[in-house]
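Here is a short report for a first look at this structure. Please keep the sequence and the 3D view open while reading.

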Amino acid sequence: MIKIYRSKGKTIRKAGVIFFLLSCFSMQLAKAQINLSGKPGLIYTPSAVESPDGQFRFGYNYNPIKYALRGRGRNPERIIYANVTILKRLEINVNLLQMISTDNSKVKEALGDRQLDLRYLILKEKKNQPSLAVVITTPFTIDGAMLTHAIVTTKNFVLSPALRLETSIGYGSPYYLYRDVSNLSNSGMLSGFEWQKKSEDRYKNHYLEGPFGGAVLHFKNVGGIMAEYDANNINVGLYAKFFKSWTVQAGLLNGDQITFGTSYALSLIKPSKRLKKQKDEDKK
């Protein structure tokens, strides 16, 4: 029994050390909370916040049954995602949307909706200039309920040493290019393209269709409160950051149902000696 206890203790300590090292390795990352589909943003809406080059982020979000994108009022949903930033401008995001089975509505499906999104930072934020980004779901997606085709701008305002206000406004296209083929007849990636109106597609969920916007009040970059209009509803929420890399957030959709999620970020690029030296000098 003693050996087993010690073995478990060693395992716990090793896990703690690994988590601590990951946290240290990814310091100064996770500068933004994440929206429903796994992109920098608020609750549903995206933002044009700049992500560090080489940042890798993964996480989970829960979407309640009344605001489900694949079948409103039928099943709640979970979104699992991962994304990586290349050269501080291009972000590649992969997400998986799955319906959650309930007693009243059993789910019989394979993997769920798979989606590949791109976010490109057209303009970086400067003193007198907001950042500007375009977010596009690749047209190779066959069947997606969380399609995003939007342009968004973001500007930060420093209110005090502890408070910073981040504001974003954007517009989601009511039309998108998609592949009008079924999974069973999916023999090629470059065929079957058609224009589709969101209000007339299979899901008719109006996700990010039209003008949207929101604001986040950050407190010392460790937490904050947020409010948004997602082109359909007004949502409010809050987030908290732990170890500078792990983010937990929750929101209230239209004053009605709760959504929540968590994400973790780390750097895939080893900091240069010059950057390490600069960080050491900043600490002093």
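The report starts with the whole chain, then turns to its core and to one residue.

## The chain overall

This is a predicted model. The chain has 284 residues, and 43% of them are buried. It holds two helices and 14 strands.

The accessible surface of the chain is about 15700 Å². Carbon and sulfur atoms account for 64% of that surface.

## The largest nonpolar core

The largest nonpolar core contains 26 residues. Leu36, Tyr44, Leu69, Met146 and Tyr207 have the most contacts inside this core. Three strands each supply at least two of its residues: β2 (77-86), β6 (149-158) and β10 (210-219).

Leu36 shows who meets whom here. Leaving aside residues up to four places away in sequence, Leu36 touches Tyr44, Leu69, Met146 and Tyr207, among others. Its partners also include Ile43, Ile79, Asn61 and Asn63.

## Gln115

Gln115 lies in strand β4, which covers residues 113-123. Is Gln115 buried or exposed? Its relative accessible area is 4%, so Gln115 counts as buried, the cut-off being under 20%.

Two polar contacts involve its side chain. One joins the side chains of Gln115 and Asp117 at 3.0 Å. In the other, the side chain of Gln115 reaches the backbone oxygen of Met146 at 2.9 Å.

Beyond residues up to four places away in sequence, Gln115 touches several others, including Asn93, Val94, Asn95, Thr137 and Thr141. Gly144, Met146, Leu147 and Thr148 are also touched by Gln115.

Technical notes: Residues numbered from 1 in each chain as written. Predicted model: local features only at pLDDT ≥ 70, side-chain atom pairs only at ≥ 80, totals over all residues. Heavy atoms only, no water. Core = buried A, V, L, I, M, F, W, Y, C linked by side-chain atoms within 4.5 Å. Buried < 20%, exposed > 50% of the residue type's maximum accessible area, 1.4 Å probe, protein only. Helix = DSSP H or I, 4+ residues; strand = E, 2+ residues; numbered from the N terminus. Contact = heavy atoms within 4.5 Å. Areas by Shrake-Rupley, 256 points an atom, 1.4 Å probe, with all protein chains shown as cover. Polar contact = N/O pair within 3.5 Å; in protein donor to acceptor, adjacent residues only side chain to side chain.
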